[in-house]
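Trainee: Please take one part of this model, the aromatic pairs, and look at it closely with me. I would like a connected account that then moves on to other packing and to the backbone.

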Amino acid sequence: MNHSPDDPDDLVRKKIDLNHITNMSYQMHVPDSITVGPTRSTIPRLDQDSDRAPIRMEVPERLRPGGNGSMVMLNDTDFFTNGESNHLSDSFIQQPSLPSTLHPKDIETASDDDYTSVDIKGNSQPVHIADSWHIESFNSTDDKNVLNKIQLLQNRVQQMEPQMSTYMREDLTRNEKIQQAHRILNENKYSLDAWALLTQDAQERKIVESRQFYESLVTQFPTCGKFWKIYVEAEMKGRNYEKVEKLFQRCLIKVLNIDLWKCYLNYVRDTKSILPTFREKMVQAYDFALEKIGMDVYSYTIWNDYVTFLKSVEAVGPYAENQKIAAVRKVYQKGIMTPIVSVDLLWKDYCAFEMSVNPTLGKSIIESRSRDFLNVKRVTKELEILTRALDRNSPCVPPTTPQSTEEIKQLAAWRKLITWERSNRLKTEDALLVTRRVVLAYEQCLLCLGYYPDLWYEVCAYLEQTSRLYSERGDAHLAKRFLDEASTLYERATQTYMRSNMLIHFAYADFEEYRLNVDKARAIYNRLLSPDESNMKDPTLAYIQAMRFERRADGIKAARAVFKRAREDPRVNHQVYVAAALMEYYCTKDNNIAFNIFNLGLKKYGQNVDYILAYVDYMTHLNEDHNARVLFERVLSPDNAIPKQSQLPIWYEFLKFESQVGDLQSIKKVEKRRFNTYSELNDLEGRETLLIVDQYKFLNLLPCSTDELKLLGYKDTLSTNSSSITSSIANGSPAMNSTTLLEQAARDRRAHLSRPDIKHLMPYRPTRNPLPGSHPTPGGIFPLPETAMYLVNGLPPARNFEGPFVIIDKLMEYVANVVIPDNFEPVRISVQGEFIRDLDSNNSQQGRKTEHADSDDEDQNSQTNLNGRATMNIYQQRQQKRARLATAGSNLDYTSSPVLT
């Protein structure tokens, strides 16, 4: 057997049994060297030596007697057997160049572990195997060490085989997951779990290998700041600073994500520090960031870092020092007036800064701004509560149908935040600040909910309204600025998530047409109609709106050119012919052109019932009776291959037309032909009366009452173009027989009958051990009235009451047996001869002392009893005063009142 110098990992992978090799005699080719050590293959190692480099051991010449490529005969005892893995062979074939004697007692190994020591006889110091991986030079290597290495190598392979197989299975599972993620994305390109798995895999690879994946990631999610940040950090890790700056140019303005902007500032700080203009560039970067995203609720880090950077700038001279103080104060004052998280810390730093500069002036400045700061602090708490429910880093995916609970919550939370921003909770008079805050809320919302066209339209309409407001005030600069921002948002929408949304394109085109940008509006329509850019399946409505736009902009000839383009597009439907014909009729007042267009469309859509009905409606409104009858006969003729079931609405319109302009004989003819059509379909089943109802109805007026129509099986749930029986037949619903009609009529009558009020009835709930006061009955527990139940629900639970407990039966017995006197005599209570209280509050001791007084002091003294009770109200005071005045002349002697001891 020719043995190649494969490493142990390859032997494991090929499942080569080393024990089988050692138990057989064969001619072995002795290699020049043996590779020993970790990481010898492409499979990652699991042992502790995985970070060490592989080592190649040179085989001594005396082990290769014939030189390189010679053959040597070895016995089956030359290698270690399975039972003697820790000892050398008992015998060794003596060759001319081999050592004469070599016995197992010369080498003693402690264990198979790589890090144990091997004691070699004649050597005072044990050789550690971990250290023995580093082989000495060829001349100093002993043969015993070489054989020891081979033995340890075999043991190492045996130990690592199960671990390596487990790792290979795990690695294989991971590769399968990646392949499965690619398959999922081929079916559903919005699967966030698949994208997350592939993103994690790309982060572990070099940027050269994963750049294409990152491009596809940010192309699929162009507004996700988290994915842009991952892409930028990967490029920064590879020190591709030019690509990093290009990425920032692509995403920074459009993606107002606070983490992405922090990454941008860190990049400028780390890469531009060696430039001589570093301070100016850093100040520009901070100002730029605060202008764009400084109003974000989590922008405290940017404000604080900016202040720290300005403080670290060295100022030489008093002028430079004053400029530095002014710059720091300006940033502080803007920051503390912005509702951000941790604004308290910024306020404390600002107060310390002002007091360190000038304590006297700083105190007055702090007092003047403290009131505004308290308002900002209050608003910050409200804003922080609103933003807790927002997932600001979620990728933008199309909403599911029906919407999931999480999507509904996110949409409601963002709308609540936008409404809060538009309500101007800061109570500021700066309308520009309010507008900027509202637009920022909308833009951050659209980063996550970009597939909602109403949000795009709302923010653009808000900017347009704000522009008109400033235009009325005479500020043309701000008016134009907000119009440009609205145009930018429209363009961003049509280039990203609203690429195929006609509503946003129509609104964008009208917006530009209002600004007299006709060429730009025409470009919007052309882009929408292009099959390569919009990917619309049915551009019929887009063609109709484009025709109307061209008619307004360049006249009817330009609209005809669009209609010609629409006829050549195989995706359009019959509505474009109807729109073109009506536009010719209303704009040019030429009936012939309209007739030609309708006839042209009839050749293509001769079996389309909706197109035929539109043509019929046009004909009937022109008082062209003869042409209308010709049209009806043409479309209802046997030559026109319209299914019988689809002809029913046309027959209804034919009967309606004859009822309005024809005589009775023509009406009867149409009735008979219509009846024959229904008979061929077998849909009447003896209910011919339903056809009579359609003949005599007008608008919502019917010849029978509602109950009678229900008995007939007639349901007035149709459009004005077809009868109810036609609709039921077209929908494929089976006709109802007389029994079903009677049952339905009975159910309808029962629905209007009065029913007893059962809400006060007691439910059957038998209770074995009813609670006290629950009014048990044989059928259960009688419920309390609603008012009592409301009171009981408001009381604390019974387990919270620990006493004292009143025995209700004895109390009621005492109350029932008590004798109530006819006249009342005051009772004076005393304990051990000491007066405590007079139960006659109207004639108390203090009242007798001042019974003839009428001053306020007298009333005030009578308000408090000896127990220190609370003062009585004014009504009680006046009542007591009247009682004292009424009894003032009686001069009764109360000294003989009974005393309870």
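Mentor: A residue is called buried under 20% relative accessible area, exposed over 50% and partly exposed in between (1.4 Å probe, protein chains only). The model is predicted, so local features need pLDDT of at least 70 and side-chain atom pairs count only at 80 or more, while totals for chains, interfaces and linings use all residues. Numbering starts from 1 along each chain as its sequence is written, and side-chain values use heavy atoms, without hydrogens or water.

Tyrosine 490 and phenylalanine 511 form a tilted pair, since their ring centres are 5.6 Å apart and their planes stand at 45°. (Rings of Phe, Tyr and Trp, the last by its six-membered ring, pair if their centres lie within 6.5 Å; planes under 30 degrees apart are stacked, over 60 edge-to-face, the rest tilted.) Tyrosine 490 sits in helix α18 (residues 476–495) and phenylalanine 511 in helix α19 (residues 502–514), so the pair ties together parts that are 21 residues apart in sequence. (Helices, H or I of at least four residues, are DSSP runs numbered from the N terminus.) The whole structure holds 36 aromatic pairs, and one aromatic cluster is formed by Phe563, Tyr577, Tyr585, Tyr586, Phe595, Phe598, Tyr605, Tyr611, Tyr615 and Tyr618.

Helix α23 (residues 575–588) and helix α25 (residues 609–620) pack at about 15°, with their axes 11 Å apart, which makes the two roughly parallel (under 35 degrees). (The axes are fitted to C-alpha atoms over the stretch in contact, and angles run from 0 to 180 degrees between N-to-C directions.) From α23, Tyr577, Val578, Leu582 and Tyr585 meet Tyr611, Ala614 and Tyr618 of α25, contact being heavy atoms within 4.5 Å. The residues of this contact divide into seven nonpolar, no polar and no charged, where Ala, Val, Leu, Ile, Met, Phe, Trp, Tyr, Cys and Pro count as nonpolar, Asp, Glu, Lys and Arg as charged, and the others, Gly among them, as polar.

Valine 268, in helix α9 (residues 258–271), is buried at 7% relative accessibility, and beyond four places in sequence it touches Ser273, Phe278, Met282 and Ala285. Of these, methionine 282 is 14 residues from valine 268 in sequence, with 6.9 Å between their C-alpha atoms. Arginine 329, in helix α12 (residues 318–336), is also buried, with a relative accessible area of 19%, and apart from neighbours within four places in sequence, arginine 329 contacts Tyr350, Phe353, Glu354, Val357 and Ile365.

The bond from threonine 401 to proline 402 is cis, with omega near 0°, and proline 402 lies in the loop between α14 (359–387) and α15 (405–422). Serine 342, in the loop between α12 and α13 (343–357), has a phi near 70° and is partly exposed, with a relative accessible area of 31%. Lysine 427, in the loop between α15 and α16 (431–448), has a positive phi of about 55° and is exposed at 59% relative accessibility.

Technical notes. Angles under 35 degrees count as roughly parallel, over 145 as roughly antiparallel, 65 to 115 as roughly perpendicular and the rest as oblique.
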